[in-house]
Amino acid sequence: MKEPRIAAEIAKQLQKFHQVDIPGSKEPQLWNDVFKFLKKASVLKFEDNEKQKRYEMISFREIQDEVKELKDLSDLLHAPVVFAHNDLLSGNLMLNDLEEKLYFIDFEYGSYSYRGFDIANHFNEYAGFECDYNLYPDKDVQYHFFRNYLSDRPSEVCEFNTLSSLDKTN
């Protein structure tokens, strides 16, 4: 995924993927998933008493309130909601070298979500199963991805390039 040519192709394909219109609710699935997770997490029990005591110190009510506030704030941003892959790790990419084509596979987590979440989730996948965040793409790699994602919108790319060069001076 790190190779610039492959990263560029992933970005271009993801931009096309995000344009697909799938019938059904266009509400971001992210919040349903987070609230479901919190509900399940709040009732876990551990056999190890020490773990259970530490676990009981977690205020799931507070976390749920914070997530609700985050959801409300994100609604104010009017962030684009698209049909998202939500699991774009290297194992879910197939590269046909003969045809020089890249394919996305494994759509079990596909749902409507924030475009930015899908891209950020992809960047997190650079860390791999070991969660080595030293492998997280730096700004230059991210800008390369964004330029290719926006390649069919030259006016946005020019504006983005200006922001990129400003960022490097700070």
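## Close-up views of a predicted model

Figure 1. Glutamine 52 is located in helix H3, which covers residues 49–56. Helices (H or I, at least four residues) and strands (E, at least two) are DSSP runs, numbered from the N terminus. The structure is a predicted model, in which local features need pLDDT of at least 70 and side-chain atom pairs count only at pLDDT 80 or more, while totals for chains, interfaces and linings use all residues. Residues are numbered from 1 along each chain as its sequence is written, and side-chain values use heavy atoms, with hydrogens and water left out. Is glutamine 52 buried or exposed? With a relative accessible area of 10%, glutamine 52 is buried; the term means under 20% relative accessible area, whereas exposed means over 50% and partly exposed lies in between (1.4 Å probe, protein chains only). A polar atom of the glutamine 52 side chain lies 2.6 Å from the backbone nitrogen of phenylalanine 46. Apart from neighbours within four places in sequence, glutamine 52 is in contact (heavy atoms within 4.5 Å) with Leu44, Lys45 and Phe46.

**Figure 2. Histidine 122 in helix H5.** Helix H5 comprises residues 115–124 and includes histidine 122. The relative accessibility of histidine 122 is 0%, so this residue counts as buried. Which residues are in contact with histidine 122, leaving aside its neighbours within four places in sequence? They are Met1, Ile10, Leu88 and Phe145. The C-alpha atom of histidine 122 is separated by 6.3 Å from that of leucine 89, although the two residues are 33 residues apart along the chain.

**Figure 3. The largest nonpolar core.** A nonpolar core is a set of buried Ala, Val, Leu, Ile, Met, Phe, Trp, Tyr and Cys residues joined through side-chain atoms within 4.5 Å. In soluble globular proteins, nonpolar side chains tend to be buried together. The largest core here has 20 residues, and those with the most contacts inside it are Ile10, Leu14, Phe104, Ile119, Phe145 and Tyr149. Two or more residues are given to this core by each of helix H1 (4–17), strand S3 (101–104), H5 and helix H6 (139–149). H1 supplies the largest share of this core, six residues. Isoleucine 10, leaving aside its neighbours within four places in sequence, is in contact with Met1, Leu88, Leu93, Leu102, Phe104, His122 and Phe145. Another core, of eight residues, lies apart from the largest one and has Leu30, Trp31, Ala41 and Tyr114 among its members.

Figure 4. Helix H2 (residues 29–41) has 13 residues and reaches 18 Å from its first C-alpha to its last, close to the 18 Å expected at 1.5 Å a residue; the expected span is 1.5 Å times one less than the number of residues in the helix. Which residues of H2 are buried? They are Leu30, Trp31, Leu38 and Ala41. These residues cover an arc of only 100 degrees around the axis, which means that they lie on the same side of H2. The arc is that of the directions from the helix axis to the C-beta atoms. On the other side of H2, Lys39 and Lys40 are exposed. The buried residues of H2 are covered by elements including H3, helix H4 (60–77), strand S4 (111–114) and H5.

**Figure 5. Salt bridges.** A salt bridge is a side-chain nitrogen of Lys or Arg within 4 Å of a carboxyl oxygen of Asp or Glu. By this rule, the count comes to four. In one of them, the side chains of arginine 5 and glutamate 3 meet at 3.4 Å, N to O; glutamate 3 is partly exposed, at 43% relative accessibility. Aspartate 21 forms another salt bridge with lysine 26, the closest N and O atoms being 2.9 Å apart. At 58% relative accessibility, aspartate 21 counts as exposed, whereas lysine 26, at 39%, is partly exposed. Aspartate 75 and lysine 71 also meet in a salt bridge, 3.0 Å from N to O. Because aspartate 75 and lysine 71 are four residues apart in helix H4, about one helical turn separates them. Aspartate 75 is partly exposed, with a relative accessibility of 35%, and lysine 71 is partly exposed at 22%.

**Figure 6. The setting of the close-ups.** The protein has seven helices and four strands, and its elements run α-α-α-α-β-β-β-β-α-α-α from the N terminus on. The C-alpha trace spans about 55 × 40 × 40 Å along its principal axes. Of the 170 residues, 31% count as buried. Among contacts between residues at least 6 apart in sequence, 66% join residues at least 24 apart.

Definitions and conventions. Polar contact = N/O pair within 3.5 Å; in protein donor to acceptor, adjacent residues only side chain to side chain.
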